[in-house]
Amino acid sequence: MNAEQKAKNTMFELPPAKVRMRKIKERLIYSALLGCVLMSVLTTVGIILSLVTETYSFFQEVPLVAFLTDTRWTPLFADKHFGIMPLVAGTLIILVGASLVALPIGLASALYLSTYAKPGVRKVVKPLLEVLAGIPTVVYGYFALMFVTPLLRAFIPDLSIFNALSASIVVGIMIIPMVSSLSEDALGAVPRSLREAGFALGATRFEVATKIVLPAGLSGVMASFILAISRAIGETMIVALAAGATPKLTLNPLESIQTMTAYIVQVSMGDTPHGTIVYKTIFAVGMLLFLVTFAMNILGQLVTRRYREVYE
Amino acid sequence: MEEESLAFKRRLKRRARLDVAFHGLVLMATAFALIVLAALLFDVFRKGLGWLDFQFLSSFPSRIPERAGIHSSLMGTLWVTSITALLTFPIGVATAIFLEEYAPKNRLMNFIDINIANLAGVPSIVYGILGLAIFVRGMMLGRTVLAGALTMTLLVLPIMIITSREALRSVPSSLRLAFLAMGATKWQTIRHIVVPAALSGIFTGSILTVSRAIGETAPLILIGALSFVAFAPRSPFDGFTVLPIQIFSWVSRPQAEFSNLAAAAIIVLLIVLLSMNAVSVWLRHRYEKRNGK
């Protein structure tokens with residue numbers, strides 16, 4: 001029966017049994033679809049539950065105060081210490097370095113694409129940036145270790161092979177496309193009339209870009225920064241390959257460090273029996289990682305929702 | 001008077017110079033990203049191309065670089081990605097249909113919206129922890145293809161949902177209303193009108209979703225995909241490794257031969273991903289052309 005016939009049928013009264021069947025079918029479909037929607041809620045519940053149970057049992061053995069104030073992180077050694085600070089410091093270096101690379105460059109290329117680039121150039125550059133965004137992180141990890149680190153060592157001879165500098169630069173490169181495409185969306189949403197009014201008053205493109213477009217799209221740009229930083233915190237493979245595996249309470253980017261994510265990978269690579277304290281550290285560190293990125297994602301969404309300039 | 005106009009001209013010149021300088025600056029920033037892309041590709045091809053041959057594609061990993069290959073990891077990627085795609089596509093599209101076509105505007109739906117956006121931002125390694133706790137331990141699936149695929153499904157589902165929703169939203173409501181006005185039920189309208197009209201957008205989204213699944217490494221390390229696997233999986237309940245993990249384990253070795261092998265495996269991975277990317281660009285282009293008519 002094709003669509004046309006079906007439509008014809010409904011012009012006449014359908015037998016009540018058929019109407020009832022149809023209603024039941026529609027109900028069933030509605031429930032099936034709703035079931036799929038609940039999958040996404042269940043995922044969140046699953047993440048929280050699996051993190052909370054093992055984290056709880058972790059804190060049965062390690063006092064929270066030690067976790068927060070101890071300056072050593074050595075769960076894999078005989079003399080075990082569970083101070084999260086070295087891993088947080090490692091993550092912090094990566095995040096600062098990556099932001100220094102990605103935020104200015106991403107914003108600049110967003111300004112370039114939204115103000116200066118001719119449509120033909122845009123058509124070529126945008127897909128290329130998408131390619132950069134689609135490269136798997138393990139490939140970036142290879143690039144950091146095999147290309148960027150040797151390059152840096154040519155300039156900084158006493159740089160260790162595994163170092164935070166190279167990893168943070170490459171994490172920054174990885175999130176450039178994210179900053180630039182989200183920022184460009186925000187800048188592109190600024191109405192044409194505002195730009196044209198600026199040009200009509202004799203402003204240069206630089207003035208229009210920095211004094212009209214950027215302030216008007218600022219909330220979107222901020223949101224893109226926050227989301228990109230959250231991505232940098234959660235980035236795993238680049239830091240696992242290039243930043244090293246030595247948890248150290250330092251802010252020196254030339255040394256080998258370890259981030260929260262890299263620690264989780266290191267432990268998972270080895271054979272860690274279920275129920276041991278080392279196994280539980282995965283969850284405790286994961287919990288902290290989840291909480292931080294979750295807070296940043298919520299913040300990013302709030303900034304876009306709350307402060308979006310509304311134009312007619 | 002004379003002086004004032006001179007001052008104005010000077011300022012005008014300075015502003016124009018500033019404009020040119022800024023143009024140069026933002027151009028350089030954009031060029032930087034593209035130069036990095038070129039450097040990455042150049043380095044990978046220079047080191048890896050010599051190692052890439054039929055033997056490399058058909059051999060199992062080995063301690064001897066000359067005999068090593070990516071057969072097991074390629075098959076593992078194929079297994080995990082296929083199961084992930086089979087699970088993600090229906091669940092993702094169904095969720096998108098519900099949220100776009102049925103969902104009432106209320107607090108619960110608002111919450112679900114925010115929830116999905118958040119899930120898209122959860123670090124992939126956290127999904128690995130979820131997979132470890134729920135699929136590997138809780139459901140006792142062990143370190144199998146199935147556990148990997150289920151973990152990956154949850155990871156990429158938000159992307160599938162978000163892209164499918166965009167595709168459904170782009171279908172004009174006049175089409176829906178016309179079909180409903182002829183007496184069709186809601187589901188008939190969706191099945192015969194809305195979904196077909198959104199299909200190319202949905203496909204573009206699913207390509208994006210699958211390529212994300214192909215490139216992910218961290219969650220599969222967590223659920224215990226092995227780095228040295230000398231067999232190809234024969235069922236969803238076999239152990240496995242995937243291409244990105246094989247690359248990871250080769251890059252971690254100090255010998256130069258192994259990093260060249262990693263480069264060769266990266267070439268294979270990038271060829272797969274770039275050709276998928278090309279298909280999605282082509283689909284989008286075709287779709288835009290058809291809509292333009």
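Mentor: Before we count anything, remember that helices (H or I, at least four residues) and strands (E, at least two) are DSSP runs, numbered from the N terminus. This is a predicted model, in which local features need pLDDT of at least 70 and side-chain atom pairs count only at pLDDT 80 or more, whereas totals for chains, interfaces and linings use all residues. Residues are numbered from 1 along each chain as its sequence is written, while chains are lettered from A and ligands numbered from 1 in the order in which they are written.

Trainee: How many helices and strands does the secondary structure of chain A come to?

Mentor: Read from the N terminus on, the elements of chain A run α-α-α-α-α-α-α-α-α-α-α-α-α. The secondary structure of chain A therefore comes to 13 helices and 0 strands.

Trainee: What percentage of the residues in chain B are buried?

Mentor: A residue is buried if 20 or more other C-beta atoms, placed from the backbone, lie within 10 Å of its own, exposed if 12 or fewer do, and partly exposed in between. In chain A, buried residues make up 45% of the 312 residues. In chain B, of the 293 residues, the buried share is 46%.

Trainee: At what angle do helix H5 (residues 119-134) and helix H7 (residues 164-188) of chain A pack?

Mentor: Axes are lines fitted to C-alpha atoms, for helices over the stretch in contact, and angles run from 0 to 180 degrees between N-to-C directions. The axes of H5(A) and H7(A) are 8 Å apart, and the packing angle is about 135°.

Trainee: Which word describes how H5(A) and H7(A) lie to each other?

Mentor: Angles under 35 degrees count as roughly parallel, over 145 as roughly antiparallel, 65 to 115 as roughly perpendicular and the rest as oblique. H5(A) and H7(A) are therefore oblique.

Trainee: Which residues of H7(A) make the contact with H5(A)?

Mentor: H5(A) brings A:Leu129, A:Glu130, A:Leu132 and A:Ala133 to this contact. From H7(A) come A:Pro177, A:Met178, A:Ser180 and A:Ser181.

Trainee: Turning to the two chains, how do the residues of the side of chain A that touches chain B divide?

Mentor: The contact takes 74 residues from chain A and 73 residues from chain B. Helix H2 (residues 16-61) of chain A gives the most to that side of chain A, with 19 residues. Counting Ala, Val, Leu, Ile, Met, Phe, Trp, Tyr, Cys and Pro as nonpolar, Asp, Glu, Lys and Arg as charged, and the others, Gly among them, as polar, the side of chain A divides into 48 nonpolar, 21 polar and 5 charged.

Notes: Contact = placed C-beta atoms within 7 Å.
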